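Morning, everyone. I'll take a few minutes on side-chain contacts. Please have the structure open.

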Amino acid sequence: MAAQQQLLALMSSASGQNNINSPEALYDLSLIAVVNSLDGLKVPAMERIRKLPELPRNLLIDVYELMSKREDLKDTLLEELSNLEVFNCLVHYTSSRGQLLRIVAALMASNKPLPRRLSDAYVERFGPPTPTETADSKQTEQAAAAAADGDEQSTDNDKCKLNEQHDIAIAIATTAEEEVAEQSLEPLSQHEVHAINLGLRLGSFLSEAGWMQESIAVLTCLNERLKQMKPFKSQLVTRLDCLQRLLYAESSHCNFKLAQQTYAELMELNPLINEKVPCPLIAMVYTQISSMYFARNEYNNSHLWSVQAMHYLEMTAPSRVAIDVLRQAAKACVVKRDFARANLLICQAVRRAREHFGPTHQKYGDALLDYGFFLLNVDSVYQSVSVYKECLTVRRGIFGNMNFHVAIAHEDLSYAYYVHEYSTGDFSCAQDHVDKAVNIMKNLVPSNHLMLASAKRVKALLLEEIALDKIADGIDEEDLLLQSEELHNFALQLSLEVFGEMNVQTAKHYGNLGRLYQTMNRFDEAERMHQKAIKIKTDLLGPYDYEVGLSIGHLASLYNYQMKKFRQAEDLYLRSIDISLRLFGRTYSGLEYDYLGLCHVYETLHEFEKYLRYAHILENWQLLRGQNLTQNKSSYPAIEEDFTIDQVKNKFFNMSVKTHPNEVTGQTPSVEPSNN
């Protein structure tokens, strides 16, 4: 009874209701009574559990959510939701999506593997038919055709089937001749329609909930089934829809071998696309291809596909589609160093997500994550930390603690804290979040997974800085440096295996090792690592990219402070400054280290005129930087105005961008702060 009153108090507090006689409070009491009646192994309780799916969906989801808060009922709830028909009923109820995500999170927090149970159930039930099943199906079709005696009239039942197929897709791209042939196609059976509808919805839900492997299993099963089906209406659109959802899950999980296969299938279908395929679907297909290339650090291709997706974005596109297309195009513009367009796109995505879905919805959290990425890249580090913190709060509120999406938010926030606190040396917040990211990933992915390596890389950067601070205080912290080296080498080897030598991510790992070896007084090794990083980045990105400037600055520091190659250091500092000024302007935070380095070079070489010149430039930089921080200025302030999709597209395609040498060479800039 006490537990019941406590639960009611919590529910009343959450709903803001203090009057126990209000309809809301009475409803809560009724829910508690229903859930309490399910406790135990007696026949009445078992009978009530059996009849739960007969409740209206809005009531059923409330009952299940209340059950998810009771440890003693979680096993019962797991069995209920593992039933595909029950889950299908709920996953169709879009207004309860948030509740369903919280229920899954509650079960997973208690080690109740609902995602795996659901994916296994789907694959077992709807896996591609065996040759025997196919032969039986053909015999059944022949018998049905003979019984029909050539009658081509649709029955009422056929019309119902066609209506259900309409939920899967709208049209199929065909030539005029194919349209005639299509008229003779028989509608799918109810079983096939159900397999498609459930597969698409379940696969997407699982990836949305952060359970990528289970999502991949469901959507791969559906894709194989679709390929073995006889031709049916809307087949092209159905396959495109399935493949773009599958590509999202594979790319998000860094399973690039499978993603490449899925991409190849999409490319086989791409020539068939015409005006009859819904534009929102085309936009999502191209967005997922862009996302795959982005995850593989192939930013030029990512940008090209995101621009194609923008072409197909229409006013009538669903909000989810519009937000996802805008988010991905914004990220592609960030690594293209096209910050004005990126600002336009990501601000519109964030505003749409908040207005359409609310401040606690996953889609808003997704938009915040990408907004934090933008802010970190335009040197608005403090604002980036704030946005990442809000994103983490949203995601933890939906998914709990042990979740793939939450781990990513922890890692990105950790890196933002690392950049923000670099000058102070207080990395406690950064270390706390990266430890959480690593621990979550260890529980969710194999030990050689790229996502785990990414989190470990950030941890390695932090260990190095912590060791440096302790060494400066006279404390020997060689163990921390050795741990950092092990983590960096682990990430490098995995990157070489997955991406190869000529990849931006591999170059970043070489650069990180170069900085570490500099700290460990292994200067020749540090020089080789920095030179490798510079060569790879220059070959891939051109000589004026941010990433190239970053590695040049690191090598300049090595030559200046450790190897005493002052003339080479001078040249490198001047190149790094030139790149920073081109991309970010006079207040860029990274300029401080280059100006200080040049002052040291000129002081050592007794070139006091040059020393005074750069000391004066550094003083002006400090004044400008201080003003910006005091006034909370940003080079790219948030765009508060709401634009229609057509207005966004018009601005996007007509916005003038300051030309810099990257565009002259045709190279695509690249950076991924969380992977730095």
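K331 lies over the face of F294, 4.9 Å from the ring centre. Keep K331 in mind. A reminder before I go on: this is a predicted model. There is a second case of a charge over a ring. The charged end of R341 sits over F652, with 5.6 Å to the ring centre.

Now ring against ring. The count is 19 aromatic pairs. Take Y286 and Y312: they are edge-to-face, 5.7 Å centre to centre, with 70° between the planes. Y286 is in helix α16, residues 279–295, and Y312 is in the loop between α17 and α18, so the pair ties together parts 26 residues apart in sequence. Y286 is buried, at 6% relative accessibility. Y312 is partly exposed, at 29%.

Next pair: F374 and Y636. Their centres are 6.3 Å apart and the planes stand at 75°, so this one is edge-to-face. F374 is buried, at 1% relative accessible area. Y636 is partly exposed, at 24%. Both belong to one aromatic cluster, together with F339, Y371, Y546, F584 and Y588.

On to α17. Its 13 residues should span 18 Å, and the end C-alpha atoms are 19 Å apart, which agrees. Its buried residues include Y299, H303, W305 and M310. What do the buried residues of α17 pack against? The list is α15, α16, α18, α19 and α32.

Last topic: salt bridges. The structure holds 41. R70 pairs with D72, closest N and O atoms 2.9 Å apart. R70 is buried at 17%, whereas D72 is partly exposed at 43%.

E265 and K227 meet at 3.3 Å, N to O. E265 is in α15 and K227 in α13, so that bridge ties together parts 38 residues apart in sequence. E265 is buried, at 16%. K227 is partly exposed, at 39%.

Then D370 and R327, with closest N and O atoms 2.7 Å apart. This pair links α20 to α18, 43 residues apart. Buried or exposed? D370 is buried at 6%, and R327 is buried at 16%.

Back to K331. K331 is linked in a network of salt bridges with D324, R327, K363, D366, D370 and R395. K331 is also the residue over the face of F294. That's my tour. Thank you.

Notes. Residues are numbered from 1 along each chain as its sequence is written. This is a predicted model: local features need pLDDT of at least 70, side-chain atom pairs count only at pLDDT 80 or more; totals for chains, interfaces and linings use all residues. Side-chain values use heavy atoms; hydrogens and water are left out. Rings of Phe, Tyr and Trp (its six-membered ring) pair if their centres lie within 6.5 Å; planes under 30 degrees apart count as stacked, over 60 as edge-to-face and the rest as tilted. Helices (H or I, at least four residues) and strands (E, at least two) are DSSP runs, numbered from the N terminus. Buried means under 20% relative accessible area, exposed over 50%, partly exposed in between (1.4 Å probe, protein chains only). A charge sits over a ring if NZ of Lys or CZ of Arg is within 6 Å of the ring centre and within 35 degrees of the ring normal. The expected span of a helix is 1.5 Å times one less than its number of residues. Contact means heavy atoms within 4.5 Å. A salt bridge is a side-chain nitrogen of Lys or Arg within 4 Å of a carboxyl oxygen of Asp or Glu.
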